[in-house]
Amino acid sequence: MHISILTFDGFNELDSLIAFNILNRIKRPDWRVSIAGPTPRLRSMNGLVIDTHASLKDACEADAVLVGSGIKTRDVVADRSLMSQLQFDPTRQLLGAQCSGALILAKLGWLADVPACTDVTTKPWVEEAGVPVLNQPFFAKENIATAGGCLSAHYMAAWFIARLAGVEAARYAIDYVAPVGEKEAYVARAMANISPYLEEERVARLA
């Protein structure tokens, strides 16, 4: 099971690294979480430099892909050569987008009939791409999900875990990282945000 977090120069640390940490709370031999990018090394919006674990090609072949956000997302979508390498397939992959990552999915055509969640800065750009933006932190339809606001990253991570490893695994991961004394509330809020879409997926699968 390979979950790849697609990351570009100027990335938002909270959006990519919160999800990376929570997703890595699942300790299974077949469970791998990677930071994927177009270059071996990336610099964040605040100057943090990290090495990538996987290429764009690796990300396109992953079981699940989370498209992170950053201050250069509009440069990414304007780069035809770069965008042409992003060959995703939600019939066999889970696709998630955090904040401005929704703009990438919109430009790739994967949000044609899916409303999006995104951050307030990115909202007008996503709407210009023809995608309605919801005033809520998380939304999913079948195998595609979006989340808006940096601190909604744990909702996205919980959705990925619930889909790939089960609801109890998602509860465990959020409980592990939640503040002491507030764990029950954090887990309840996270599950309340993702559970309606897990039920929708289950019903669709049984139909």
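1. A quick definition to begin: two strands pair if DSSP finds at least two bridges between them. Helices (H or I, at least four residues) and strands (E, at least two) are DSSP runs, numbered from the N terminus. The model is predicted, with local features needing pLDDT of at least 70 and side-chain atom pairs counting only at pLDDT 80 or more, while totals for chains, interfaces and linings use all residues. Residues are numbered from 1 along each chain as its sequence is written, and side-chain values use heavy atoms, with hydrogens and water left out.

2. On to the sheet. It is open and built from six strands with mixed pairing, in the order β2-β1-β5-β6-β8-β7. The edges belong to β2 (32-36) and β7 (138-141); each has a single partner strand, so one side of each is left without a neighbour in the sheet. On average, neighbouring strands are turned by 15° against each other, direction ignored; axes here are lines fitted to C-alpha atoms, for helices over the stretch in contact, and angles run from 0 to 180 degrees between N-to-C directions.

3. Helix α5 (residues 101-108) packs on it, touching β5 (64-67), β6 (94-98) and β8, where contact means heavy atoms within 4.5 Å. The direction of α5 makes about 130° with that of β6. Helix α7 lies across β1 (2-6), β5, β6, β7 and β8, and runs at about 175° to β6.

4. Helix α7 (residues 153-165) also holds H154. This histidine is buried, with a relative accessible area of 14% (buried means under 20%, exposed over 50%, partly exposed in between, with a 1.4 Å probe and protein chains only). Leaving out residues up to four places away in sequence, H154 touches I18, I22, I174 and A190. The C-alpha atoms of H154 and D15 are separated by 9.0 Å, though the two are 139 residues apart along the chain.

5. Finally, the largest pocket: its lining includes H154, I18, I22 and I174. A pocket, on a 1 Å grid over the protein atoms alone, is an open set of points where a 1.4 Å probe fits, with protein on both sides within 12 Å along at least five of seven lines; lining residues have an atom within 4 Å of a point. Helices α1 (13-23), α7 and α8 (167-177) each supply at least two lining residues, and α1 gives the most, with three.
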